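This briefing concerns the packing of helices against one another. Two packed helices are described by the angle between their axes and by the distance between those axes.

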Amino acid sequence: MNILVTGGAGYIGSITTQLLLKKGHAVVVVDNLSQGHKEIVPAEAQLVVADLKNAIELEQKLDEASQGKTFDAVIHFAASALAGESMQNPRKYFENNLLGGLNLLEYMVKKNIPHIVFSSSCAIYGTPATVPVTEDAPKAPESPYGESKLMFEKMLFWYDKVFGIKSVCLRYFNASGASMDGKLGENHDPETHVIPNAIAAALNGTEFSLFGNTYPTKDGSCVRDYIHVEDLADAHHRALLYLQEHKQSNAFNVGTGHGYSNLEVIEMVKKVSGRDLNVKIMPPRPGDPPIVFADTQKVQRELGFSPQFSDLETIVKSAYEWHVREK
């Protein structure tokens with residue numbers, strides 16, 4: 001297939017692009033490089049530097065890049081993705097994630113691109129009433145970030161109804177790890193995720209902040225469902241094949257179906273690094289649910305998805321080796 005990947009110069013986007021190329025697909029990456037890094041876009045992919053919020057520039061540059069070829073599908077990663085920041089600057093999130101997404105959908109209508117795989121999020125559920133979280137659980141986002149993801153899912157619903165664009169929304173949980181070849185990893189600024197922050201504390205001898213140790217969990221710390229980025233890339237490829245075969249819209253949770261606690265993550269970072277961590281206990285953050293993990297029955301059944309790299313040791317080891325290499 002000839003695939004357009006938005007946000008393909010980012011963490012998950014670049015690793016998915018790498019997989020698509022290995023599978024024999026042609027890939028054009030569009031990224032405004034506000035968070036992405038052009039050096040991590042594989043050489044075999046074509047990089048178009050453009051902002052989805054500028055519809056005229058987007059169409060012009062993609063028309064030049066496609067050279068008359070039609071894209072068979074879009075994988076849409078490009079978005080602002082920090083829940084905390086979205087509480088400080090909601091406009092940025094609605095503008096980037098909705099206006100940019102709307103321009104992309106209009107481009108798809110104009111160019112008759114039939115399929116899109118959307119990088120959604122478990123943030124659309126908010127604090128779940130029960131776990132594991134199923135796809136039909138109540139949608140109650142607790143940040144403009146989560147709301148923007150849910151709103152774009154609704155936009156996709158209507159662009160299917162009106163224009164017949166079929167979509168798969170992948171609602172994933174905690175993306176983690178680094179590519180198994182050691183070339184691509186998590187490089188955010190600021191970094192808000194537990195695993196890279198714990199690794200940085202181990203490597204630099206700095207303090208690691210643990211937010212809350214009195215939750216009603218087995219060890220008092222939050223429990224989250226960590227999915228390896230290579231497994232996420234596989235889920236996106238499977239979603240493309242699903243759209244090609246079934247030509248119908250759907251949504252899937254992408255996780256492992258179980259969780260690891262923050263303290264388990266810390267212990268694994270210690271084990272992999274061979275270093276101790278200076279852990280400072282901080283008050284719990286408002287809105288952090290004690291336990292969140294996915295019900296994965298639907299994605300297993302309908303996409304044949306089964307994580308291969310998402311045990312905690314593989315996740316932490318791959319991430320640690322990448323951070324050591326980059327240091």
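I195, P196, I199 and L203 in helix 6 meet I315, V316, A319, Y320, H323 and V324 in helix 10, where meeting means contact, with heavy atoms within 4.5 Å. The model is predicted: local features need pLDDT of at least 70, side-chain atom pairs count only at pLDDT 80 or more, and totals for chains, interfaces and linings use all residues. Residues are numbered from 1 along each chain as its sequence is written, and side-chain values use heavy atoms, without hydrogens and water.

**Helix 6 and helix 10**
- By class, this contact of helix 6 with helix 10 has nine nonpolar residues, one polar and no charged (nonpolar: Ala, Val, Leu, Ile, Met, Phe, Trp, Tyr, Cys and Pro; charged: Asp, Glu, Lys and Arg; polar: the others, Gly among them).
- The axes of helix 6 (residues 194-204) and helix 10 (residues 312-326) come within 10 Å and cross at roughly 55°.
- Helix 6 and helix 10 form a right-handed crossing (the near helix is turned clockwise from the far one by less than a right angle).

**Helix 2 and helix 4**
- Helix 2 (residues 55-66) packs with helix 4 (residues 90-111) at an angle of about 45°, and their axes are 10 Å apart.
- This angle makes helix 2 oblique to helix 4.
- The crossing of helix 2 and helix 4 is right-handed.
- On helix 2, A55, L58, E59, L62 and D63 meet N103, L104, Y107, K110 and K111 of helix 4.
- The contact of helix 2 with helix 4 comprises five nonpolar, one polar and four charged residues.

Technical notes
Axes fitted to C-alpha atoms, helices over the stretch in contact; angles between N-to-C directions. Helix = DSSP H or I, 4+ residues; strand = E, 2+ residues; numbered from the N terminus. Parallel < 35°, antiparallel > 145°, perpendicular 65-115°, else oblique.
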